[in-house]
Amino acid sequence: MNQEQLKQLVAEAARDEVLKLESGAILGVGTGSTANCFIDALAPYKGHFSGTVSSSNATTKRLLQHGFKVLDPNEVTILPAYVDGADEIDPAGNMIKGGGGALTREKIIASMASQFICICDASKQVPVLGHFALPVEIIPLSLGVVTRQLEKFGGKVSMRLTKNSQEDLQQASSTPFVTDNGGWILDVRGLHITHPRDLESQINQIAGVITVGLFAKERATILLVSGPSGVDRITF
Ligand code: 5RP
């Protein structure tokens, strides 16, 4: 089975999982290629939900294209579940997220939800977080000071840049990647995150940081993980 098929498989399992929620519930929806498969798989059943809350402009666009109602998170007080992918997940359900740059809104919606249903394939499961670069969204004017603070944790910090267009592949891009919130992203490579909750709160306290893509406080409560033999359901 290739990675696309594994994403499809886990997306269908997540669809079946959220259809167990009572009719009329509101659903939180994540961002990324696995979340996109989930949105597509859920589209024929959109009538089961009274609305969705979205974690990015890209997800909002996809949800609206399928005819889902997308609500302002400020209108929502009860959110039974949030479904999203991850870049890495450890055996306790702590995650690195933000590979797609949507970490801040993802964390906000996750914090509203009673359940975080993480969907991924088995390649995202790691014993210790940190092989994937840890994204940190920052206020642009704090670039210098936050970089110096993050370097103290031992990793190598680099600013995320926009991808070059096809015509421009020879030249390295020097344009910062800008998030939906107008923030920039620093990626921290080379960390070995044995205490995710502590690191999350330490990085959150640096002035200029909007959000760190370490989801320990907002860790997964359910993991649906696909592999060659099907989908496993793990609860934390
Ligand atoms: C976006 C995210 C995604 O959930 C994460 O990057 C996984 O994406 P994909 O499903 O494409 O592998 O955190 O900010």
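The dialogue that follows takes the ligand and then the salt bridges.

Guide: This is a predicted model, in which local features need pLDDT of at least 70 and side-chain atom pairs count only at pLDDT 80 or more, while totals for chains, interfaces and linings use all residues. Residues are numbered from 1 along each chain as its sequence is written, and side-chain values use heavy atoms, with hydrogens and water left out.

Visitor: How many residues surround the ligand?

Guide: A residue is near a molecule if one of its heavy atoms lies within 4 Å of it; here 16 residues surround the ligand, Ser33, Thr34, Asp87, Gly98 and Lys124 being the closest.

Visitor: Which polar side-chain atom lies 2.7 Å from an oxygen atom of the ligand?

Guide: That atom belongs to Lys124, and a polar backbone atom of Gly98 is 2.8 Å from a ligand oxygen.

Visitor: What is a salt bridge, and how many does the structure hold?

Guide: Side chains of opposite charge can pair when their charged atoms come close. A salt bridge is a side-chain nitrogen of Lys or Arg within 4 Å of a carboxyl oxygen of Asp or Glu, and the structure holds 10 of them. Glu17, Lys20 and Arg233 are linked in a network, where Glu17 and Lys20 have their closest N and O atoms 3.4 Å apart, and Arg233 and Glu17 meet at 2.8 Å, N to O.

Visitor: Is Glu17 buried or exposed?

Guide: With buried meaning under 20% relative accessible area, exposed over 50% and partly exposed in between (1.4 Å probe, protein chains only), Glu17 counts as buried at 10%, whereas Lys20 is exposed at 60% and Arg233 is partly exposed at 45%.

Terms used. A polar contact is a pair of N or O atoms within 3.5 Å; within protein, one must be able to donate a hydrogen and the other to accept it, and residues adjacent in sequence count only if both atoms are side-chain atoms.
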